[in-house]
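Visitor: I would like a close look at one part of this protein, the charged pairs and the helices around them. Please take it step by step.

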Amino acid sequence: KHFSFSESKMESENVISDLVFRQLKLDPENEKCFDCEQAGPYWASVNIGIFICMNCAAVHRSMGSSVSFVRSLEMDTWSEKQLKLMALGGNQKLKEFFKNYDLNDETVQLRYCTKAANFYRLKLRSTAEGVPFNEPSPYYDEGRLEMDPEQMAAVEEIAESSAPETQNQ
């Protein structure tokens, strides 16, 4: 069988993403779903940099991509930027961040729609893009405030328009 350039490029991208995920899963926290702790998650919320199981991936998808951009570790191809988001994130980092706002025991729908979660997404993306991020962390009470998905999408659009030109996700 002859492979086209695009097929061989896709295979090479899959090898890279497989290596990245294998490395990230050396951390025991990434070997379980962030939300329900089921072993062996094969999905991820890219824009928040965590590993999740298939059941929790469905919940994340229902919240909209500005809240949680869900990808399969095995079935989807991953861009360099998406892999960077995962490498800079990780379940343990988000768990520690959410601990500051007592969000780890809140419902999935609440914890990812707070100002704190939105701050974390924006900071993670800025770091992945190499863009300075000088916003201070929200205070405890402010961080626990819920944002609606439209507010989060608007904040994301503003952040995208102020970011330097980069390759597509």
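This is a predicted model: local features need pLDDT of at least 70, side-chain atom pairs count only at pLDDT 80 or more; totals for chains, interfaces and linings use all residues.

What is the relative accessible area of Lys 95?

Guide: Lys 95 has a relative accessible area of 22% and is partly exposed (buried means under 20%, exposed over 50%, partly exposed in between, with a 1.4 Å probe and protein chains only). Residues are numbered from 1 along each chain as its sequence is written, and side-chain values use heavy atoms, with hydrogens and water left out.

The side chain of Lys 95 forms a salt bridge with that of Glu 29, at 3.0 Å from N to O (a side-chain nitrogen of Lys or Arg within 4 Å of a carboxyl oxygen of Asp or Glu). Lys 95 belongs to helix H4 (residues 91–99) and Glu 29 to the loop between helix H1 (5–24) and strand S1 (43–45), so the bridge ties together parts 66 residues apart in sequence. Helices (H or I, at least four residues) and strands (E, at least two) are DSSP runs, numbered from the N terminus. Glu 29 counts as buried, at 17% relative accessibility.

The structure holds seven salt bridges. Another of them joins the side chains of Lys 81 and Glu 129, at 2.7 Å from N to O. Lys 81 is in helix H3 (residues 80–88) and Glu 129 in helix H6 (residues 115–129), so this pair ties together parts 48 residues apart in sequence. Lys 81 and Glu 129 are both buried. Glu 129 also bridges to Arg 125, with the closest N and O atoms 3.8 Å apart. Both lie in H6, four residues apart, about one turn of the helix. Back at Lys 95, salt bridges with shared partners join it with Glu 29, Lys 32 and Glu 37 into one network.

Helices H4 and H6 also meet: their axes come within 10 Å and cross at roughly 140° (axes are lines fitted to C-alpha atoms over the stretch in contact, with angles from 0 to 180 degrees between N-to-C directions). That makes H4 oblique to H6, since angles under 35 degrees count as roughly parallel, over 145 as roughly antiparallel, 65 to 115 as roughly perpendicular and the rest as oblique. Contact (heavy atoms within 4.5 Å) is made by Lys 93, Leu 94, Phe 97 and Phe 98 of H4 with Ala 116, Ala 117, Phe 119 and Tyr 120 of H6.

The chain averages a pLDDT of 86, but residues 1–10 stay under 50.

Definitions and conventions
pLDDT is the predictor's confidence in each residue, from 0 to 100.
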